[in-house]
Amino acid sequence: MAELVDVVAVVARWPLRLELRFSDGFDGTVDLGPRLQGQGLVAEIVESRDLFLAATVDRERGVVCWPNGLDFDSDVLRAWADGREGPEWA
């Protein structure tokens with residue numbers, strides 16, 4: 001069984017890029033531009049530079065989150081940072 005990996009640091013860069021550090025020491029960058037489509041909370045961060053740049057790490061859950069309530073799971077972000085599509089459930 002794979003070890004669970006949390007996001008421990010994030011720097012958001014416009015347009016729609018996250019520089020990430022994971023609990024296993026891996027550093028990677030994810031370009032969310034091609035991956036973010038939708039309405040509601042997702043559309044809000046795509047359309048608002050200031051909101052996107054306000055990304056933080058929820059230390060309790062180890063995920064990237066935004067003030068509007070949107071968050072991204074660490075397993076998905078780690079897969080994307082590794083150049084993989086992500087877990088099947090994502």
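## Exercises on a predicted model

What covers the buried residues of helix H1 includes helix H2 (49-53). Keep in mind that this is a predicted model. Grab the structure and work through the exercises below.

**Exercise 1. Find the buried residues of helix H1 and work out why they line one face of the helix.**

Step 1: Go to helix H1, residues 40-47, and pick out its buried residues: Val42, Ala43 and Ile45.

Step 2: Look down the axis of H1. The buried residues fall within an arc of 165 degrees, so they line one face of the helix.

Step 3: An α-helix has 3.6 residues a turn, so residues three or four places apart point the same way.

Step 4: Now see what sits over those buried residues; helix H2 (49-53) is part of the cover.

**Exercise 2. Work out where arginine 78 sits, whether buried or exposed, and what it touches.**

Step 1: Locate arginine 78 in helix H3, which spans residues 74-81.

Step 2: Check its accessibility. The relative accessible area of arginine 78 is 16%, and buried means under 20%, so this arginine counts as buried.

Step 3: List its contacts, skipping residues up to four places away in sequence: arginine 78 touches Val5, Phe22, Asp24, Phe26 and Arg84.

**Exercise 3. Track down the salt bridges around glutamate 19 and aspartate 82.**

Step 1: Start with the total, which is nine salt bridges in the whole structure. As a reminder, side chains of opposite charge can pair when their charged atoms come close.

Step 2: Take glutamate 19. Its side chain meets that of arginine 13 in a salt bridge, 3.2 Å from N to O. Glutamate 19 also forms a salt bridge with arginine 17, where the closest N and O atoms are 3.8 Å apart.

Step 3: Classify these residues. Glutamate 19 is partly exposed at 28% relative accessibility, arginine 17 is partly exposed at 29%, and arginine 13 is partly exposed at 38%.

Step 4: Move on to aspartate 82, which forms a salt bridge with arginine 84; here the closest N and O atoms are 3.0 Å apart. Shared partners then link Asp24, Arg78, Asp82 and Arg84 into one salt-bridge network.

Step 5: Read off the accessibility of that pair: arginine 84 is partly exposed at 44%, and aspartate 82 is partly exposed at 34%.

**Exercise 4. Describe how strands E2 and E3 pair, and sort the residues of E3 by face.**

Step 1: Strand E2 (residues 17-22) runs antiparallel to E3, and five bridges join the two.

Step 2: Four residues lie between E2 and E3, and glycine 25 has a positive phi near 95 degrees.

Step 3: Gly28 and Val30 make up the covered face, while Asp27, Thr29 and Asp31 are on the uncovered one.

Notes
Residues numbered from 1 in each chain as written. Predicted model: local features only at pLDDT ≥ 70, side-chain atom pairs only at ≥ 80, totals over all residues. Heavy atoms only, no water. Salt bridge = Lys/Arg side-chain N within 4 Å of Asp/Glu carboxyl O. Buried < 20%, exposed > 50% of the residue type's maximum accessible area, 1.4 Å probe, protein only. Pairing = 2+ DSSP bridges. Contact = heavy atoms within 4.5 Å. Arc of directions from axis to C-beta.
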